[in-house]
Amino acid sequence: MTKLIQTIDQRFNWRWLKAVADWTIEKAITIQQIPAPTFAEGERANYVMNQFKLMGLDSVSMDERFNVYGRMAGISGEPALMVVAHTDTVFPAETDLTIQRANSLVYGPGLGDNSLGVAGLLALMDVYGSNR
């Protein structure tokens with residue numbers, strides 16, 4: 001099995017995935033550090049909205065529930081892609097958002113829900129955008 005993985009890695013040169021994963025974790029931590037209790041996630045939603053704009057999305061908007069929308073133009077005749085981020089967390093505003101690291105684990109309140117989901121979305125847009 002290890003030989004197969006090495007062969008696939010050499011053939012496709014996926015070494016860039018480590019950098020993308022590291023970037024995604026750090027972006028998730030940045031997002032997680034912005035308190036976003038349900039119905040009060042405006043600051044986090046504004047951050048995500050700015051990220052969408054920096055990544056070149058158009059028609060970027062936010063609804064009354066702080067969901068953020070954007071449109072990524074298609075390439076080579078392909079249709080555009082609608083990108084949506086849901087930004088709240090279940091933790092109250094006063095929650096200690098300290099991140100803990102233990103070996104290869106990274107954890108903290110709201111990191112998995114849903115900071116990592118939003119960061120993963122940003123990473124996909126970044127990878128897609130850099131390959132256009």
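**Note on the model: salt bridges, core and chain layout**

1. Asp-58 is partly exposed, with a relative accessible area of 31%. The classes used here are buried (under 20% relative accessible area), exposed (over 50%) and partly exposed (in between), with a 1.4 Å probe and protein chains only. This is a predicted model, where local features need pLDDT of at least 70 and side-chain atom pairs count only at pLDDT 80 or more, while totals for chains, interfaces and linings use all residues. Residues are numbered from 1 along each chain as its sequence is written, and side-chain values use heavy atoms, with hydrogens and water left out.

2. Asp-58 has a partner. Its side chain meets that of Arg-71 in a salt bridge, at 3.0 Å from N to O. This pair links distant parts of the chain: Arg-71 sits in strand S2 (residues 68-72), Asp-58 in strand S1 (residues 58-62), and 13 residues separate them. A salt bridge here is a side-chain nitrogen of Lys or Arg within 4 Å of a carboxyl oxygen of Asp or Glu. Helices (H or I, at least four residues) and strands (E, at least two) are DSSP runs, numbered from the N terminus. Arg-71 counts as partly exposed because its relative accessibility is 37%.

3. How many salt bridges does the structure hold? There are three. Side chains of opposite charge can pair when their charged atoms come close. Another of these pairs is Arg-101 with Glu-26, whose closest N and O atoms are 3.1 Å apart. Glu-26 has 40% relative accessibility, so it counts as partly exposed.

4. Asp-22 pairs with Lys-18, with the closest N and O atoms 2.9 Å apart. Both residues lie in helix H2, four residues apart, or about one turn of the helix. An α-helix has 3.6 residues a turn, so residues three or four places apart point the same way. Lys-18 is exposed, as its relative accessible area is 55%. Asp-22, at 36%, is partly exposed.

5. Look next at Gln-32, in helix H2 (residues 16-32). Is Gln-32 buried or exposed? Its relative accessibility is 1%, so it counts as buried. Beyond residues up to four places away in sequence, Gln-32 touches Arg-44, Leu-97, Ile-99, Gly-108, Pro-109, Gly-110, Leu-111 and Ser-115. Contact means heavy atoms within 4.5 Å.

6. Helix H3 covers residues 42-54. Its 13 residues, at 1.5 Å a residue, should span 18 Å, and the end C-alpha atoms are 18 Å apart, which agrees. The expected span is 1.5 Å times one less than the number of residues. Buried residues in H3 include Arg-44, Tyr-47, Val-48, Met-49 and Phe-52. Just after H3, Gly-56 takes a positive phi of about 85°.

7. Now the largest nonpolar core. It has 21 residues, and Val-48, Phe-52, Leu-57, Val-68 and Met-125 touch the most other members. H2, H3, S2, strand S3 (81-85) and helix H4 (111-130) each supply at least two residues of this core. A nonpolar core is a set of buried Ala, Val, Leu, Ile, Met, Phe, Trp, Tyr and Cys residues joined through side-chain atoms within 4.5 Å. Which residues does Val-48 contact, leaving aside neighbours within four places in sequence? They are Val-68, Ala-85, Thr-87 and Val-118.

8. Two backbone angles deserve a look. Phe-39 is not a glycine, yet its phi is positive, at about 75°. Phe-39 lies in the loop between H2 and H3, and at 69% relative accessibility it counts as exposed. Ser-59 also has a positive phi, near 55°, in a residue other than glycine. Ser-59 belongs to strand S1 and counts as exposed at 57% relative accessibility.

9. Finally, the whole chain. It has four helices and five strands. From the N terminus on, the elements run α-α-α-β-β-β-β-β-α. Of the 132 residues, 31% are buried. Among contacts between residues at least 6 apart in sequence, 56% join residues at least 24 apart. The accessible surface comes to about 8,500 Å², with 58% belonging to carbon and sulfur atoms. Accessible areas come from the Shrake-Rupley method with a 1.4 Å probe; for residues, only the protein chains shown count as cover.
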